[in-house]
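Dear colleague,

Please find below the structure that I am handing over to you. My notes on what was found in it follow directly after.

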Amino acid sequence: MTDDSMTSSPAHFGVVGAGAWGTALAQLLAADGAPVRLWAREAEVVAAVNADHANPLFLPNARLSPSIAATDSLADLASCDALLIVVPVPFMRGVLANLPAGDAPLILCSKGMEAESFAFPIDIARALCPGRPLAVLAGPTFAKEVAAGLPTAITLAAEDAGVADALARAIARPHFRPYVSHDMIGAEIGGAIKNVLAIACGIVEGAGLGLNARAALISRGFAEMTRFGLARGAHAETLAGLAGLGDLVLTCTSSNSRNFALGEGLGRGESAASLMSDRRSVAEGAFSAPVIAAAARADGIDMPITDAVARLVAGETCIADAIQALLSRPLRPEGR
Ligand SMILES: NC(=O)c1ccc[n+]([C@@H]2O[C@H](COP(=O)([O-])OP(=O)(O)OC[C@H]3O[C@@H](n4cnc5c(N)ncnc54)[C@H](O)[C@@H]3O)[C@@H](O)[C@H]2O)c1
Ligand SMILES: O=P(O)(O)OC[C@H](O)CO
């Protein structure tokens, strides 16, 4: 399928990655009985989805449609006419390299930036899957709420207007409303940076630093997201939309966010290593913080909050010193 030929909406979706978000997206698309193929890395997830219509490992308490067929073989996705890629960014390159050949569009649903390459998911997909139409799906979307059918709005971005419209029509449901955009990099930057800022807000909560501090972090964090985004060609309206500000507000105000919860633990004085050991779920912001901080430094973009989160996660500073460093920066005009 090429960008030019994509006028009809895909009907048979495949979902690559059966963590909480991949499972919730599979359920969204299969709730009406439509067939969905779900690739899971874990044999116990494949067995539970197929036998019990459940994924207790990553999305406990969700009842799944029997029309979701799980598999541990990427080759089984060859017949799907669109694939949602929902693998955490640190593992995405390895999985995309093993997709079966084809020209079905890829909808990139993960939020982060790859270490060393400084690549976003669209960069990885362009390099490994040339010729496939690409789209980005990002916004304020806790997986368990989407799986439960609660009202949700999201950004669906694709450069090609025909691809964006066809995919938006195909994934829209009465309670799930995609807003079309053509700014893929803006949607990806919003999702990646809000994860880092959610850790910062969790730290403030865990350390009992108050609601004024949280509001300041959301606002000044959004300024960082905007500086970084505009420098990389993102549109201001995307960053101020669902994929940026919308998701920032969601994850900076709720312990349901894994990133916020990680920050809360750090704020209470626990170490990042102990908080991240033994966990199966990801807090993408912990991976992305040092990567985005390094990319910003390389580009000469000022991102003090992101930098502080990176150093706190790495155990290179303590909360008191990080807060003191942020507050003692030279006074400056708000617009910068
Ligand atoms: N959970 C949500 O509410 C939500 C919502 C929107 C976006 N996202 C984003 O979706 C992406 C996936 O998150 P999730 O919540 O579905 O994951 P999760 O934390 O629920 O599960 C972890 C996932 O990582 C996979 N994984 C672990 N090690 C791996 C490896 N070596 N190779 C390949 N895969 C491996 C597991 O199979 C599993 O699918 C992340 O980028 C996240 O930011 C999550
Ligand atoms: O639980 P988090 O922090 O990974 O956030 C999940 C989603 O990204 C919310 O939109």
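**The nonpolar core**

The largest nonpolar core holds 111 residues, and I85, A135 and L167 are the ones that touch the most other members. The element that gives the most to this core is α7, with 13 residues. Domain 1 (13-182) and domain 2 (185-327) each supply at least three residues to the core. As background, nonpolar side chains in soluble globular proteins tend to be buried together.

Apart from neighbours within four places in sequence, A135 is in contact with P105, I107, L156, A157, A158, V163, A164 and L167.

**Confidence**

Please bear in mind that this is a predicted model. The pLDDT averages 95 over the chain, and 98% of the residues score at least 70. Residues 1-5 have a pLDDT below 50; this stretch makes ten contacts in the model beyond near neighbours in sequence. For the complex, the predictor gives an ipTM of 0.99 and a pTM of 0.97.

**The two domains**

The chain is divided into domain 1 (13-182) and domain 2 (185-327). Their centres, taken over C-alpha atoms, are separated by 24 Å. Domain 1 brings 27 residues to the contact and domain 2 brings 24 residues. On the side of domain 1 that touches domain 2, at least two residues come from each of α3, α4, β6 (134-138), β7 (152-157) and β8 (176-181). Here β7 has the largest share, with four residues. This side of domain 1 consists of 20 nonpolar, five polar and two charged residues.

**Ligand 1**

The shell is made up of 25 residues, of which G19, W21, F91, S110 and S281 are the closest. Two or more residues come from each of α1 (20-30) and α3 (89-96). By class, the shell around ligand 1 has 14 nonpolar, seven polar and four charged residues.

**Ligand 2**

Around ligand 2 there are 13 residues, and those that come nearest are T141, T251, S257, R258 and N259. The elements α7 (184-206), α10 (242-251) and α11 (258-267) each give two or more residues to this shell. With three residues, α10 gives the most. The shell around ligand 2 divides into four nonpolar, five polar and four charged residues. Domain 1 and domain 2 each contribute at least three residues to the shell around ligand 2.

P140 is found in the loop between β6 and α5 (143-147). Is P140 buried or exposed? P140 has 21 other C-beta atoms within 10 Å, and therefore counts as buried. Leaving out residues up to four places away in sequence, P140 touches L242, G246, D247 and L250. A296, which is 156 residues from P140 in sequence, is 24 Å away from P140 in space, C-alpha to C-alpha.

**Backbone and loop positions**

Two residues other than glycine have a positive phi. For H53 the value is about 50°, and for F118 it is near 55°. H53 lies in the loop between α2 (43-52) and β3 (68-71), while F118 is placed in the loop between β5 (106-108) and α4 (121-128). H53 is partly exposed because 17 other C-beta atoms lie within 10 Å. F118 has 14 C-beta neighbours inside 10 Å and so also counts as partly exposed.

G210 belongs to the loop between α7 and α8 (211-231). G210 has 11 C-beta neighbours inside 10 Å and therefore counts as exposed. G210 and A18 are 192 residues apart along the chain, and their C-alpha atoms are separated by 36 Å.

Yours sincerely

Methods
Residues are numbered from 1 along each chain as its sequence is written. Chains are lettered from A and ligands numbered from 1 in the order in which they are written. This is a predicted model: local features need pLDDT of at least 70, side-chain atom pairs count only at pLDDT 80 or more; totals for chains, interfaces and linings use all residues. A residue is near a molecule or strand if its C-beta atom, placed from the backbone, lies within 6 Å of it. Ala, Val, Leu, Ile, Met, Phe, Trp, Tyr, Cys and Pro count as nonpolar, Asp, Glu, Lys and Arg as charged, and the others, Gly among them, as polar. Domain bounds come from an automatic or database domain assignment. A nonpolar core is a set of buried Ala, Val, Leu, Ile, Met, Phe, Trp, Tyr and Cys residues joined through C-beta atoms within 7 Å. A residue is buried if 20 or more other C-beta atoms lie within 10 Å of its own, exposed if 12 or fewer, and partly exposed in between; C-beta atoms are placed from the backbone. Two residues are in contact if their C-beta atoms, placed from the backbone, lie within 7 Å. pLDDT is the predictor's confidence in each residue, from 0 to 100.
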